[in-house]
Amino acid sequence: MRIGFRTVKTAVGVSLSVLIAQWLQLEYYSAAGILTLLCIQKSRKQSIKAATSRFFACMMGLFFATGLFELVGYRPYAFLILLLLFIPLCVRLRIQEGIASSSVIVMHVYINREVEASFFLNELLVVVVGLGVALLINWYMPSIDKQLQRYKAESDRLIAVILNEIANYLKNGYTLWDGSELLQLSELLSRARSAAALDAENHLARGNEYGHYFETKRKQFELLERMLPAVSRVNVQIEQGRRIGDFVIELIAHMNKPGYADTFYDMLRAIREYHKLLPLPETRDEFENRANLYAVANELERFVDTLD
């Protein structure tokens, strides 16, 4: 059995909120722990959103329930009217996350059965303690920078492996590659983008730097996927293929170095100029090979576009 960090935070937060509410001698002090339990989230952004929606839902539930119960009486059937009106209202105001939390406060209103300033103050303090402790506990989030850096290094490695196999095939006419790196890269990028989104929600000030990086890698992955069918249809070794293979080798060596995009464009332009000087293809097979190499060059140019 594993005890995760979020579980530890939840246990500490609930204990702390109940302790504070009990020390303040609040009625229904255990409700502060329930509110904390419901408000511990995966990220700071989600925690702030959850606390905000729960606070407004609890306050709205407090006054809405008081007015309704005073109007129709403190009877079980009053909950039918209350929930039929209150739930759609929360959804309309986009604070539906707070419906469960506000139900705790509504029950307090039903149990108390009196309209008193001291009761409203008590409920306000219960909500503030419960949500405040949740925000405080949830503000500490362990850094996942090392994990994201590992994802960056691994995605670069897998892309380099795929490009290297493409270059080998174009230059030598064969490869024993089984394509497993493509599947690995797809799975890795899915995990990396989720981790980057979580990191962005925990560091609101610095933006989504990792997210942009892995979005670029996703575009590169899609270009490689589109490129491979054209590469596989090249069935003979020709000079154009060897030149594109040499270009891919250079691309692998320098694609993560800034300022090389213009050099890559010049190399591709030179390859295209060379192709224009060649005599027209004499056979259908030669024509198809040239067309596939032309398609590969186009995809490589789009790949270089992602390096800027």
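Q: What should I keep in mind about the model and its numbering?
A: Residues are numbered from 1 along each chain as its sequence is written, and because this is a predicted model, local features need pLDDT of at least 70 and side-chain atom pairs count only at pLDDT 80 or more, while totals for chains, interfaces and linings use all residues. Side-chain values use heavy atoms, with hydrogens and water left out.

Q: How many helices and strands are there?
A: The secondary structure comes to 12 helices and 0 strands, where helices (H or I, at least four residues) and strands (E, at least two) are DSSP runs numbered from the N terminus. Read from the N terminus on, the elements run α-α-α-α-α-α-α-α-α-α-α-α.

Q: And is the protein spread out or compact?
A: The radius of gyration is 31 Å, well over the 19 Å that the globule rule gives for 308 residues, so the protein is more spread out than a compact globule. The radius is taken over C-alpha atoms, and the globule rule is 2.2 Å times the number of residues to the power 0.38. Along its principal axes, the C-alpha trace spans about 95 × 35 × 35 Å.

Q: What about burial and surface?
A: Of the 308 residues, 43% count as buried, buried meaning under 20% relative accessible area, exposed over 50%, and partly exposed in between, with a 1.4 Å probe and protein chains only. The protein exposes about 17,100 Å², of which carbon and sulfur atoms supply 59%; these areas come from the Shrake-Rupley method with a 1.4 Å probe, and for residues only the protein chains shown count as cover.

Q: What share of the contacts joins residues at least 24 apart?
A: Among contacts between residues at least 6 apart in sequence, 79% join residues at least 24 apart, contact meaning heavy atoms within 4.5 Å.

Q: Switching to packing, how do α2 and α6 cross?
A: The axes of helix α2 (residues 30-39) and helix α6 (residues 117-138) come within 8 Å and cross at roughly 35 degrees. Axes here are lines fitted to C-alpha atoms, for helices over the stretch in contact, and angles run from 0 to 180 degrees between N-to-C directions. The crossing of α2 and α6 is right-handed, that is, the near helix is turned clockwise from the far one by less than a right angle.

Q: Which residues meet there?
A: On the α2 side they are Ala31, Ala32, Leu35, Thr36 and Cys39, and they meet Val126, Val127, Val129, Gly130, Leu131, Val133 and Ala134 in α6. The residues of this contact divide into 10 nonpolar, 2 polar and no charged, with Ala, Val, Leu, Ile, Met, Phe, Trp, Tyr, Cys and Pro counted as nonpolar, Asp, Glu, Lys and Arg as charged, and the others, Gly among them, as polar.

Q: What does Leu16 touch?
A: Leaving aside neighbours within four places in sequence, Leu16 is in contact with Val133 and Ile137. Leu16 is found in helix α1 and is partly exposed, with a relative accessible area of 30%. The C-alpha atoms of Leu16 and Glu301, 285 residues apart along the chain, are separated by 58 Å.

Q: Which residues have a positive phi without being glycine?
A: Gln25 is one of them, with a phi of about 60 degrees; Gln25 sits in the loop between α1 (5-23) and α2 and, at 71% relative accessibility, counts as exposed. Arg113 also has a positive phi, near 60 degrees, and lies in the loop between α5 and α6, where Arg113 is partly exposed with a relative accessible area of 40%. For background, most residues other than glycine have a negative phi.

Q: Where is Glu116, and how far is Glu116 from Ser190?
A: Glu116 lies in the loop between α5 (99-112) and α6, and Glu116 and Ser190, 74 residues apart in sequence, are 54 Å apart in space, C-alpha to C-alpha.

Q: Last one, is Ala200 buried or exposed?
A: Ala200, in helix α8 (residues 180-202), counts as buried at 16% relative accessibility.
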